[in-house]
Amino acid sequence: MRKSTVYSAVLLAVLAAVGIAAASADTNYATCEVRKDGDTKNKASGPCTFSQRQGYVDIDLRNGDTYSLRPMDKPHHFKDQKGNKVVRTVSGGGTHEYKWSTSASS
């Protein structure tokens with residue numbers, strides 16, 4: 001995963017079907033949009049897979065980048081595989097937005 005994609009990145013996962021239940025272990029096909037500083041990253045944006053099980057989230061982008069998010073102590077707060085903080089916002093229509101912090105912490 002490229003460092004520039006992680007920092008200040010926003011990842012939108014628009015689920016193709018019904019929203020994912022919190023305990024679901026299924027993989028869903030989605031459309032992901034990756035942005036950095038407001039600009040869409042076309043090589044990473046597009047079809048992707050999204051899975052969520054017992055609070056853990058995995059997102060596989062079309063450019064091969066993979067994000068594995070583990071839950072933290074507050075709802076919708078995660079850490080990625082590099083220790084970066086990630087916050088999820090869920091809106092109507094099954095849209096999940098993940099925002100990465102600009103610095104890693106343990």
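A salt bridge here is a side-chain nitrogen of Lys or Arg sitting within 4 Å of a carboxyl oxygen of Asp or Glu. With that cut-off, a search of the whole structure turns up three of them. The structure is a predicted model, so local features need pLDDT of at least 70 and side-chain atom pairs count only at pLDDT 80 or more, while totals for chains, interfaces and linings use all residues. Residues are numbered from 1 along each chain as its sequence is written, and side-chain values use heavy atoms, with hydrogens and water left out.

Overall, the protein chain carries one helix and nine strands, taken as DSSP runs numbered from the N terminus (helices: H or I, at least four residues; strands: E, at least two). The order along the sequence is α-β-β-β-β-β-β-β-β-β. Of the 106 residues in the protein chain, 38% are buried; the cut-offs are under 20% relative accessible area for buried, over 50% for exposed, and partly exposed in between, with a 1.4 Å probe and protein chains only. The protein chain exposes about 5,900 Å², and 49% of that comes from carbon and sulfur atoms. Those areas come from the Shrake-Rupley method with a 1.4 Å probe, and for residues only the protein chains shown count as cover. As for contacts (heavy atoms within 4.5 Å), take those in the protein chain between residues at least 6 apart in sequence: 40% of them join residues at least 24 apart.

Spanning residues 46-53, β4 has six of its eight residues buried, so the rest of the structure largely encloses it. Pairing is called when DSSP finds at least two bridges between two strands. On that basis β4 pairs with strand β2 (residues 27-36) in the antiparallel sense, over six bridges, and with strand β5 (residues 56-60), also antiparallel, over five bridges.

Side chains of opposite charge can pair when their charged atoms come close. Arginine 35 and glutamate 33 meet at 2.8 Å, N to O. Both are partly exposed, arginine 35 with a relative accessible area of 25% and glutamate 33 with 31%. Aspartate 58 bridges to arginine 53, with the closest N and O atoms 3.2 Å apart; arginine 53 is partly exposed at 31%. Glutamate 97 and lysine 99 meet at 3.8 Å, N to O, with glutamate 97 partly exposed at 22% and lysine 99 partly exposed at 44%.

Arginine 88 sits in strand β8 (residues 84-91) and is buried, its relative accessible area being 11%. Leaving out residues up to four places away in sequence, arginine 88 touches Gln52, Val57, His76, Phe78, His96, Glu97 and Tyr98. With glutamine 52, the side chain of arginine 88 makes a polar contact of 3.0 Å. A polar contact means a pair of N or O atoms within 3.5 Å; within protein, one must be able to donate a hydrogen and the other to accept it, and residues adjacent in sequence count only if both atoms are side-chain atoms. Tryptophan 100 lies twelve residues from arginine 88 along the chain, and their C-alpha atoms are 9.1 Å apart.
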